[in-house]
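Student: I am new to this structure and would like to learn how to read its features. Could you take me through a few of them?

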Amino acid sequence: MNSANIYTLTGLKPGGAAPPPGAIPTDLLIGESWREGSSRRRIPVHNPANGEVITTIADATLEDCMAAVDAAEKAAPGWAATPARQRAEILRKCFDAMIAGADWLAHLISLEMGKALADSKSEVLYAAEFFRWYAEEAPRIRGEIQDSPGGANKILVQYQPVGISLLITPWNFPAAMATRKIAPALGAGCTVILKPAIETPLTALALAQIMLDCGVPPGVLNVITPLDPGPGCRAIMHDPRVRKLSFTGSTAVGRKLLASAAETVLNCSMELGGNAPFIVFDDANIDDAVDGAMIAKMRNGGQACTASNRFYVQRGVAAEFTRKLAARMAATKMGDGTDPATGLGPMITRKQADKIAGLVDGAVAEGATITIGGQCPDSKGYFYPATVLTNVPPTAAILKDEIFGPVAPVVTFDSEEEAIRLSNNTQYGLVAYLYTGDIKKGLNIAQRLEYGMVGVNRGLVSDTAAPFGGVKQSGLGREGGHHGLLEFTECRYVAVTW
Ligand code: NAD
């Protein structure tokens, strides 16, 4: 490693993470080398459990962003020409290396992002799976051939690498959101520039070093960390050598990037925000539904695009479901995510914890009742407790906005039609969950929910082999599965006479 600035993991708890890997680079990865950044400015990275600075990272200037495009361009022809099997073998090595380092990577995620160690460990395993999955998919990009209907020629269709791709990722899954883009992009033969979230850059930087160590050639993966992402990303997107934006983040930022992409008609894949309903019917197994609700609500402390944002529970089981869910949520230990005993870590920032408090207070002012939680503890960390609300009025903002925290608003309904209407009444369409003992009813209702993904008797839908993505204002395109690979290809048609 040639990074001038490094961070060494410290504070590993006994019984927690495995020994640290040594040094994590904290500079920019451009081409073959780690660089400090032309301004020499540094950006602090905070520990959300106590507000303290963990370390600093390089601030990328416009010049650095353009250098990353130069490096990606230089590496592009060689990488596209590298046989798919060879690309796949490098991806497979990345999978093995992530699995070998799963404990320290999990610790690093908990440290900078705050989530409970068990959640971080699950994320590392999920993130690593994208390397394995795309190592298997990369050699299987098939083409098509057919006779033209008039019989004069053949129609030959090939899927080729789309080209240099800008990958922008959020802070809530700093490993998985990166590998869900990097692995298919590299598998398809593209070179990339990764722009991780400034709140959680260390995981991406550690992953980049792992990938270099596994043989990813210089320039194939570049990592930039500008404090203000606007100007640099705009310049990259408007550079004619760049052919793709793959973005995961909020709908608000996604809209801005789509508007900017429209100026050069840039190919875009967008994974945006959600407002997931979690529907429980009278005929559901309530204990199973509570298990599913705990995953859908409490994984990552509720800071997931797939987090259930609204619980719609049929009147006959509402009291039992709410009582059992509240008991499980109240029993979740809140604390520093790096402590193995913690079930609920801090929120990512003070601002985010305050936003959640505002949504809860607003709902209470409109008539909602707090069953558990609802009070921010006095702490240097950005904590918000597990909270259950009942009697939430339909007008409350908490049912419309992404809460992104451990708060479960419960609303009672009477009929199937009402549950479907309430669930679809949103600009979002990422994921919905439903629990019923009647699978035929469940599958029929799943068809009528306007969502890209539906969990039937499951509180978790994420799967490397499945197409992940939303409809409406939750996004464009899919990640995961074979679909995720095709997002990084361009379809070329050749008309042939032979
Ligand atoms: P965000 O939109 O604030 O930021 C996402 C990324 O975009 C970050 O890297 C950020 O630095 C960058 N960014 C912000 N403004 C930019 C600009 N003008 N130009 C270029 N880049 C810019 O989102 P966040 O707070 O990091 O993440 C939470 C959001 O992400 C939630 O809305 C969540 O639902 C969504 N999310 C969606 C998925 C999905 O797969 N659909 C997955 C995870 C998170």
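Student: How many bridges join strand 7 to strand 8?

Tutor: Before that, note that this is a predicted model, in which local features need pLDDT of at least 70 and side-chain atom pairs count only at pLDDT 80 or more, while totals for chains, interfaces and linings use all residues. Residues are numbered from 1 along each chain as its sequence is written, and side-chain values use heavy atoms, with hydrogens and water left out. Strands are DSSP runs (E, at least two residues) and helices likewise (H or I, at least four), numbered from the N terminus, and two strands pair if DSSP finds at least two bridges between them. Here, four bridges join strand 7 to strand 8 (residues 154–161), and the two run antiparallel; Q146, for instance, has I155 in strand 8 as its bridge partner.

Student: Which strands form the open sheet, and in what order?

Tutor: The order is 7-8-22, with antiparallel pairing. Strand 7 (144–147) and strand 22 (489–496) are the edge strands, each pairing on one side only.

Student: At what angle do helix 2 and helix 5 pack?

Tutor: Axes are lines fitted to C-alpha atoms, for helices over the stretch in contact, and angles run from 0 to 180 degrees between N-to-C directions. Helix 2 (residues 84–100) and helix 5 (residues 176–188) pack at about 155°, with axes 8 Å apart. Angles under 35 degrees count as roughly parallel, over 145 as roughly antiparallel, 65 to 115 as roughly perpendicular and the rest as oblique; helix 2 and helix 5 are therefore roughly antiparallel.

Student: Which residues in helix 2 meet helix 5?

Tutor: With contact meaning heavy atoms within 4.5 Å, R87, L91 and M98 in helix 2 meet T179, A183, L186, G187 and A188 in helix 5.
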